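Hello,

Here is the structure for you to look at. My notes follow below it.

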Amino acid sequence: MATSASMDAVAAANLRSVLQRVQQAAERSGRGPQSIRVVAVSKTKPVSLLRQVYDTGHRCFGENYVQEIVEKAPQLPDDIEWHFIGNLQSNKVKLLLNGVPNLAMVESVDDEKIANQLDRFVASLGRKPLKVLVQVNTSGEVSKSGVEPSGCVELAKHVSLRCPNLEFSGLMTIGMLDYTSTPENFKALANCRTEVCKALGITEEQCELSMGMSGDFELAIEMGSTNVRIGSTIFGARDYPKKQS
């Protein structure tokens with residue numbers, strides 16, 4: 001059985017491998033690796049494992065569950081840039097923002113209600129505007145959160161124009177049921193970006209694309225992703241002891 005120390009060392013080595021693959025995919029798409037953000041998704045993993053990856057110099061981590069991120073964040077350095085990437089319920093907004101002062105981004109805004117809740121609570125804290133991505137359901141699966149592609153422009157406009165304490169930063173999508181995406185999913189998100197940029201009068205560089213996970217991040221980068229969410233390829237298979245929210 002692997003010891004905790006050896007597991008930590010494996011995670012650090014895995015991250016280095018991922019960063020190398022990101023660099024190669026970026027070069028294939030004619031971009032520099034610095035244009036791609038790697039979010040190390042650490043759900044169900046212990047703080048000790050995150051610390052090992054942190055000690056390699058990595059600073060961007062993502063979590064799917066509010067309870068988990070608010071438990072981990074205070075145990076780790078405050079220069080971490082936390083991304084919340086899971087489905088966010090309006091009754092958890094206060095807990096999330098109070099519990100994670102160094103929350104850098106919420107990637108999963110999928111309706112006006114959650115945008116308004118975030119906007120109001122960010123204002124009440126007096127913190128700098130919170131970066132958010134609009135989540136788009138590009139696969140059409142009812143099990144997936146996200147606004148339909150036909151609604152992405154209106155939601156992006158709402159965040160950009162009516163939520164002064166939020167900073168609209170781009171679009172996010174999750175892949176198919178097995179968490180891999182098809183080129184069609186990625187193309188759909190890229191098409192949404194074109195429409196959003198036109199509606200808001202911004203450049204594509206001002207509208208991030210968060211797409212690509214462990215099984216498909218290289219393809220996602222080649223198709224324009226600027227933000228990839230890598231979990232099991234860095235940290236190993238996940239353990240789900242109980243349902244969380």
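Leaving aside neighbours within four places in sequence, His 58 is in contact (heavy atoms within 4.5 Å) with Leu 15, Val 38, Ala 40 and Val 53. This is a predicted model: local features need pLDDT of at least 70, side-chain atom pairs count only at pLDDT 80 or more, and totals for chains, interfaces and linings use all residues. Residues are numbered from 1 along each chain as its sequence is written, and side-chain values use heavy atoms, with hydrogens and water left out.

Where is His 58? It sits in the loop between helix H2 (47-55) and strand E2 (60-63). Helices (H or I, at least four residues) and strands (E, at least two) are DSSP runs, numbered from the N terminus.

His 58 counts as buried because its relative accessibility is 11%. Buried means under 20% relative accessible area (1.4 Å probe, protein chains only).

A polar atom of the His 58 side chain lies 3.0 Å from the backbone oxygen of Val 38. The backbone oxygen of Cys 60 lies 2.9 Å from a polar atom of that side chain.

Now the second largest pocket. A pocket is an open set of points on a 1 Å grid over the protein atoms alone, where a 1.4 Å probe fits, with protein on both sides within 12 Å along at least five of seven lines. Its volume, the space filled by probe spheres set on the points, is about 220 Å³. Of its 14 lining residues (an atom within 4 Å of a point), the closest to the centre are Glu 81, Leu 103, Ala 104, Met 105 and Lys 128.

Best wishes

Methods
Buried means under 20% relative accessible area, exposed over 50%, partly exposed in between (1.4 Å probe, protein chains only). A polar contact is a pair of N or O atoms within 3.5 Å; within protein, one must be able to donate a hydrogen and the other to accept it, and residues adjacent in sequence count only if both atoms are side-chain atoms.
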